[in-house]
Every structure is written in C-alpha cells, then in structure tokens.
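Thank you all for coming; I would like to walk you through one structure this morning, taking it piece by piece.

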Amino acid sequence: MKTHTQLVILACLALGIVKNEAFSQQHNNDMDRFVSELMSRMTIDEKIGQLNLVTAGEAVTGSVVSTDVESKIKEGKIGGIFSMSTPQRIRAAQELAVNHSRLKIPIIFGMDVIHGYKTMFPIPLGLAASWDMELIQETARIAAMEASADGLNWTFSPMVDISRDARWGRISEGSGEDTYLGSRIAEAMVRGYQGDDLAAHNTLMACVKHFALYGAAEAGRDYNTTDMSLHRMYNEYLPPYKAAIDAGAGSVMTAFNDINGVPATANKWLMTDVLRNQWGFTGFVVTDYTAVNELIDHGLGDLQEVSALSLKAGVEMDMVGEGFLTTLKKSLDEGKVSAADIDRACRLVLEAKYKLGLFEDPFRYIDDNRAKEVILNAEHLAKARTAAGKSFVLLKNEGHVLPLKKQGTVALIGPLTNTGANMPGTWSVSADLENTPSLLEGMCDALGNQVKIVHHHGSNLLEDAAYQERATMFGRTIPRDERPEQEVIAEALAVAGQADVIIAALGESSEMSGESSSRTDISIPAVQQRLLAKLLETGKPVVLVLFTGRPLTLTWENEHVPAILNVWFGGTETGKAVADVLFGDVNPSGKLPATFPQHVGQVPLYYSHKNTGRPLADGQWFQKFRSNYLDVSNDPLYPFGYGLSYTTFAYGELTLSTTELQRDGKLQVSVDVANTGDYAGEEVVQLYIRDLAGSVTRPVKELKGFRKLHLAPGQSQQVTFDLTEEDLKFYNAELEYVAEPGEFAVFVGTNARDVQEKRFTLQ
Ligand code: BGC
C-alpha cells in the first residue's frame, strides 16, 4: 500500500514526465519546422557541404589534411571543423560561416576531448580502474566545461570499444575488456559531456566510437580485420555502444575495420538495421578519419562508388576525405544516390546544430571569461589529482613496503622520472605538454621538504633509437643518453646509493599505447628491466611505479620486485597523486579493468571466457587433451577486477534471499564486508553470474553488478545486490534477448578470481 504522500509524489512525477514529453515533442516540432524551412532554401551543393567535416590540421591521424578551409567555409562546403584549438581561430571560422556564406549556417566544432581538455585526467583505461561512475561522469563534465569555453561543442568520445587484446595500442582509450563495466562507463561519460541540455553553453555533444568492434582487430594490430559471430557481437561487444546511445549520445563515429566482410563505414546492416532500426538512434553518424576513402583500399570500389555506398549505408558526415563533397552530386545525377539520401544526411547534421543551440547563437560556446575561470582552475586540478589517485592499481605490496614514511631520502630512477610531456597519456591533443609537471616535479611539489628526493633517468626508454623515436611522437620526446648502458646504470646506482628507498619509474612512454601503437611484446622494455634488476641488487626496498597504457606482462617483476603500483598515465596531476598514494595520504583502490596475462602468447585473455568442452579440472594447470598450453598455465598474472589496498577487507558469508527466483521476482544477494586493517580504504565488491545450462554456451563468469565501499578501520557494511530476470538475459541463437529457466551460479568477491559462490534457479 502506498501512503497518500507517496501517491501525490507519484502523480507529480507522472505529470512531470508528461510535461517533459510534451516539451520535447514541441522542441522536435520546432526543430522539424526550422530545419525543413532552411533545407527548402538550400541548393544540393549546400546540402552536400553540410556533410563535410574538415580538420584544421593541428592533430592529424592520417596522411590527408584538409586544404582551402577558408574558401570552402564561404562557399558553404563545410559542415564541421575539428582539431581547431584556439578560441580566436574558432571565432574567426564561425564568423566566416555566419557572415560570409550564403545561408549563414553555423559550423559545428569538434575535437578529441578524450580524458580531459586542458585539465587532463587519467587515460580512459585508468579511469575505468576507479570503478567510480560518479567520478568518471564528473571528469567528462569538467572536460566539457573547459572545452566548451574555448568554443568546442562536440567531442569524439566516449570510445567504448571492448578490447581483450593488450597488444592493441588503443586498449588505453577504452574501458577495457568487460561488457557490463564498459556499458556503465559509456553512460556515465555521455551524461557527463552532454549534461541535461545540449544547448547549454557548457556541454558538448558526445560521439560514441568506433562503431563497431574496432577493439577486436585481429592479432591486436591496429586497423586490422575483425570477424566475429553475431552471438558474440550482441552479447559482448555491442552493448556498450547501445548503452551510450540509450544515454542519449548525439552522434556516432564509424570504425575503420570490416565486420562480416563489409567495412563498418559502408555497413548498412550495422548503421541502418542495428543502429537506427533496432536501437532507435536519432542522431548523426560521422566516419572516422578518411574512412570513406579507405574503403577503396578495403577493395570496395573507386571514390565515387564508396562515397555513395557509405551514404546509403547510413553515414551522414564524411571526415576529412571529401569523398562526399567531390562525388555525391555526380552520383545523384547518375542515380547512384537519391535526393532523399542526401536530404536525410543533411537534416540530421542540421538537427545536431539545432540541438546544440548554434542557430540561436553561433558563438555561445566561445567565452574568454569563462575559459579564464574554468580552464585548469584549482577545483579541476584537485579533481584531476583525486581521479589519478583513484585510478592507480596496487599490484603487489610484499612486506608492507608501502606506504612509505615521509622521512629520509628517496631515489626516483628511470626514464619516466622527469618527462612532463608523457604524464597526460595518449590522446591528449589539447594538453599543455610544456607545462605539465613531471613525476619528479609533481612529487617534489606535493612533498615539499618532508622528503629528500634524488633522481636519475637510469636508462633509455628503449634500446633501439628508431623504436624510441616512434614511441615518443607528438612532442612526447624523452632525451636519449648515448653513453654505454653500464656507464648510465653506474651513475644511477650512485644516486640510488644515497637513498633509503628506490622508486623505479619505468614502463611505457605515453605514445607506446594509443592509435597506431600496437606491440607484439608487451613487457617492460629490456633496457629498463636490466636497470630494474640492478636497482634490486642494491638490497634497498624498491617500488616499481609502472607507467602503461595497456596490460603488460610483468611475470619477472612480480616475482622480484616487492611493491608495484600501476599508475597508467594519470594526467596533469600524476606526480602529486603518486606522492599521495606512495606516502599513504591516499589508500589505493583501483581494480584492473583488463586482465594482465603471464605471457603475451595467452592473449586474448579475459575472465568471461567460455568453458569449452575440455576445461581443466580444478586445481590443475596442465592435463593432456584438455584446453591449455604446454608451457604456461591458463591463469592470468593478475585477474580482472584485481587490486590491493593498504588495508585488508574480510568478506562474510554470501547469503541469498531465495534460491528460487520467480520471473517477476527479485533475488537479494548479500554479503558483509569489513575493513580489518589499519587504514581507511575503498573496496569494489563485484558480483558475477554464470548460467549453468542453456540453449547456447555462456561465459564462466559475467560481471552483473559492483559496489564501491568506503570503510574506516574496523567498520563493516552489508552490501545487497538485487538480481532480477533482466540480469540473466542474453541473446540466444536467434538473437532473441531472453532469460532461460534453470540453474545459475552467483559469485561475489574482490576480483573475478577470488569469489564465493552460491546457486539459485530461475523458474
Ligand atoms: C581516430 C579517431 C579520432 C579521429 C579524429 C582517428 O584516426 O581513429 O578516434 O576521433 O582520428 O581525430
């Protein structure tokens, strides 16, 4: 029974919904009328012009760069510009459009604002390790506030490609291997960027990318073919894109790869059947960088043909390649595309501009005063420091080496010690690299004179100079030391000799992950490993502060180094955040969003694999004629969801409210979690399920819920997850989304490996 007050609240909520619906209906009608009227005055060339997205050439990721941008704006041949970074240039371009083009249609301005604009947050894989949706949403909100003040209104983010292959460099740009975690993060980011009102001057339109399956490139080689069953696509890879769209993402970017033999950028099934018809997407689709032109190399035809294919498949905007601009009119004349195809695309682009409020005020996003107030302000930097601290994952802490005491001398050794430009991480095109503090500078700043810090670069990043050059592009240079290795190490050891503790700042440079940065060997480069071995020989405590944009193979390090803190690339405030965690002001709480393998030969390695018909018996690592390797066990080095804390957490017994879940019922899964150590700390309690028998094979575990707890020493808290039929659904062989009756296992624990298990039955 509901009380009177509850009924009144419900009625008001219902009225609110009706009112909101009425409002949005009115908005849509107004938009339709406005866009239709405008389109009635447009020539075919002007319509095609709206489909053209050019780059200002400041951050290019392909060999083609846009030309004659100014004259094209005046001629109405440009719908959008991206990677134009200064407000002065954006204002000038917008002025050209609204004062000098015939129809005065404003331009949409995009950029890859991926993990921050000027205030840089950890790389997306690092943010995912926080498992903190509120925090992730806030980082996207801050990025939108800063970028919009500088005139931008569109970001090419979130990147929600599931990736289970650590060789693929772009695993750093997404949320890792898991469908459920990835979907929650996708929603949080869209909400953060877009807020409640796209037309607000401080929000950005999101662009979910790369649609679709880009993270499944064969052999982890960037831009490579993907080939995947529909079963896997629907169950594992597509949900995060859908989650972003359900959260309201205004645009979608195509992927470079092919899917089932048809490249994504020409894939009608993907962009029309799935995206529009099945998912109800109403925004616009933009290609990735020159992806239309690349259809020629994919083998689909000449530029005219592939441009027509792509438009008809469901693309609305062509990034950089100008296939649309230069061929669509001819295709229209020859009957290869219809006027309706062009109208559809033009309408959706104009609608996006309408939703952003650009017709009302084309300059609403450029605000010098607001830029001064918000960009890199103290509040944003504080959030960046918090976010970085929460992204770090403590992988090992033998003998409680950490936290360190704020006393004595610390030696900071390694090629990542004093390179500010590498701290923001990959895809930080708008970061001020010159003014980003290095690890050393940030740590000195945070610690003042409480701790004496001595330092040395210790080694080159990579032994091979040419490889190092490829790995430090875009201003991320790390100077080389061309002296013999032994001489450099000897110098570093002399510095380390002065210290009580050694902090080894090693791993990847920021450009060793990201686009076009795939690796076949995913270990710490050998020259750095040799340095690490020498540092360990000193007998002093060594803490490995690991920089990486991907899971690395750390088998040797895990065996020999007492403490390992994985800091990914933490953004502007990396150095301070590392000091916070190493010296115990912040207790690490990050949990891995991607499995760390023992050996690269195990890749792709992920927790939610299928059981196979020949699984290993419990406790065995090799059995003849079972699914395994001769040389390495199937186990990861660190499982998905893993991460240590300075405190300890004890889990009580897992209890279920019932072992029979009715179709319309609810099953409560509860556990008490206690902080049994000496530090306040955060724990991510994870819930997984397994469908034990079904019409199709199901993964051995699937994440279906998580809760992040903050517990003081001695404090305990009960966590309760509600499971319903909805959580047990999957796409069956006919691609129907169903929950099948039968027995399920439910697991709760601190990572995907260390869990308790109970069983229940769905009626
Ligand atoms: C990348 C996209 C990016 C685009 C524009 C491409 O090379 O794949 O993620 O948004 O460039 O910079």
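Which residues are buried in helix 8, residues 230-237? They are M233, Y234, N235, E236 and Y237, where buried means under 20% relative accessible area with a 1.4 Å probe and protein chains only. What covers these buried residues includes helix 7 (179-194), helix 9 (239-246), strand 7 (258-259), helix 10 (268-278) and strand 24 (730-731); helices here are DSSP runs of H or I with at least four residues, strands are runs of E with at least two, and both are numbered from the N terminus.

Before going further, a word on the source: this is a predicted model, in which local features need pLDDT of at least 70 and side-chain atom pairs count only at pLDDT 80 or more, while totals for chains, interfaces and linings use all residues. Residues are numbered from 1 along each chain as its sequence is written, and side-chain values use heavy atoms, with hydrogens and water left out.

The chain averages a pLDDT of 96, and 96% of the residues score at least 70, pLDDT being the predictor's confidence in each residue, from 0 to 100. Over residues 1-16, however, the pLDDT is below 50, and this stretch has 3 contacts in the model beyond near neighbours in sequence, a contact meaning heavy atoms within 4.5 Å. Where pLDDT is low, the predicted coordinates should not be read in detail.

Let me turn to helix 17, residues 439-447, in which L439, L440, G442, M443 and L447 are buried. Seen down the axis of helix 17, these buried residues fall within an arc of 165°, so they line one face of the helix; the arc is that of the directions from the helix axis to the C-beta atoms. They pack against strand 12 (409-413), strand 13 (452-456), strand 14 (501-507), strand 15 (542-547) and helix 22 (574-582). After helix 17 comes G448, with a positive phi near 55°.

Finally, the largest pocket, whose lining counts 39 residues, with H609, N611, N634, D635 and V700 nearest its centre. A pocket, on a 1 Å grid over the protein atoms alone, is an open set of points where a 1.4 Å probe fits, with protein on both sides within 12 Å along at least five of seven lines, and lining residues have an atom within 4 Å of a point. Strand 27 gives the most to this lining, with 3 residues, and strand 26 (742-749) supplies at least two.

Technical notes. Buried < 20%, exposed > 50% of the residue type's maximum accessible area, 1.4 Å probe, protein only.
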